[in-house]
Amino acid sequence: MRRTDRLFELIQILRDGMLHRAADMAARLEVSVRTVYRDMDTLVASGIPVEGERGVGYMMTAPVTLPPLNLTMAELEALHLGMAVVAEAADDDLRKAARSLSAKIDAVLPEDRAAPREGWGFAVYPFADAAAGFAHMPKIRAAIRSRQKLRLAYRALDDTPSRRTVRPLQLEYWGRVWTLTAWCEAREDFRVFRVDRIETLDILPELFVDEPGRTLADYMAGLPSRG
């Protein structure tokens, strides 16, 4: 598993707001405890709202989402696609400009998610990860609006391929990486898919309606309360 993928998995584990021991997370990701310690140091240094200490455990103290910036979804996608392209450029001035723009976005984050001077997102996810999923975003947005099912070919973080039919419910932003929360008909449960791991995606003509236990409200209600 690539380090960026592992960091994303750690954020997913911590997302429930509960205390997690490094040993348990290491066993789940099949890495050493020392590796988890280093990864947690990276997340903390990157401004991810994580608290804890070695030997005790770690927990996330605030949701990892982008607060409202008076931007539409399309505008936000365009912004980060632009930064993704610029960050890969050979021109040092352009790379610095991309970091400056990221810092300005970081500056409007809530106080409990204060970012380091260089901007928390750059330290965790390369822009190429986000850019890889942008091609699917228009179809996903359209399917969410029209309440149409999606058929997608997905490759998990361990490279296991699968084909799923899902009910798309919500797109979420995780600091240069987007995820799709959906009801997976194959698993009969909610699943969160990294958009950049989707290989192919098609909108199906079949519509879906709200059913008890399968709505976004049901998904959110199932998340542990942060008190």
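This is a predicted model: local features need pLDDT of at least 70, side-chain atom pairs count only at pLDDT 80 or more; totals for chains, interfaces and linings use all residues.

User: Which residue just after H2 takes a positive phi?
Analyst: Glutamate 30 does, with a phi of about 60°. Residues are numbered from 1 along each chain as its sequence is written, and side-chain values use heavy atoms, with hydrogens and water left out.

User: Which residues of H2 are buried?
Analyst: Ala22, Met25, Ala26 and Leu29. The helix spans residues 22–29. Buried means under 20% relative accessible area, exposed means over 50%, and partly exposed is in between (1.4 Å probe, protein chains only).

User: Where do they sit around the helix?
Analyst: Down the axis of H2, the buried residues fall within an arc of 100°, so they line one face. The arc is that of the directions from the helix axis to the C-beta atoms. In general, an α-helix has 3.6 residues a turn, so residues three or four places apart point the same way.

User: What is on the face turned away?
Analyst: The exposed residues Ala27 and Arg28.

User: And what covers the buried residues of H2?
Analyst: The cover includes helix H1 (3–14), H3 and strand E2 (57–60). It is judged by contact, meaning heavy atoms within 4.5 Å.

User: Let's move to threonine 35. Buried or exposed?
Analyst: Threonine 35 counts as buried, because its relative accessibility is 12%. This residue lies in helix H3, residues 33–45.

User: What does its side chain touch?
Analyst: Threonine 35 makes a polar contact with the side chain of serine 32, at 2.9 Å. A polar contact is a pair of N or O atoms within 3.5 Å; within protein, one must be able to donate a hydrogen and the other to accept it, and residues adjacent in sequence count only if both atoms are side-chain atoms.

User: New topic: the sheet. What is the strand order?
Analyst: E6-E5-E4-E3-E7, five strands in an open sheet with antiparallel pairing. The edge strands are E6 and E7 (198–207), and each pairs on one side only. Two strands pair if DSSP finds at least two bridges between them.

User: How many bridges join E4 and E5?
Analyst: Seven, between E4 (residues 161–173) and E5. Arginine 167 stands opposite tryptophan 183 in E5.

User: And on the E6 side?
Analyst: E5 pairs with E6 (residues 189–194) over six bridges. Leucine 180 has phenylalanine 193 as its bridge partner in E6. E5 and E6 form a hairpin with four residues between them, and glutamate 188 in that turn has a positive phi of about 55°.

User: How many residues of E5 are buried?
Analyst: Seven of its seven, across residues 178–184. Both faces are covered: Trp178, Leu180, Ala182 and Cys184 are on one side, with Thr179, Thr181 and Trp183 on the other.

User: Last one: serine 146. Where is it?
Analyst: Serine 146 is in helix H8, residues 137–146. This serine is partly exposed, at 32% relative accessible area. Its side chain reaches the backbone oxygen of alanine 142 at 2.8 Å.

User: How far apart are serine 146 and leucine 207?
Analyst: They are 61 residues apart in sequence and 7.8 Å apart in space, C-alpha to C-alpha.

Key:
Helices (H or I, at least four residues) and strands (E, at least two) are DSSP runs, numbered from the N terminus.
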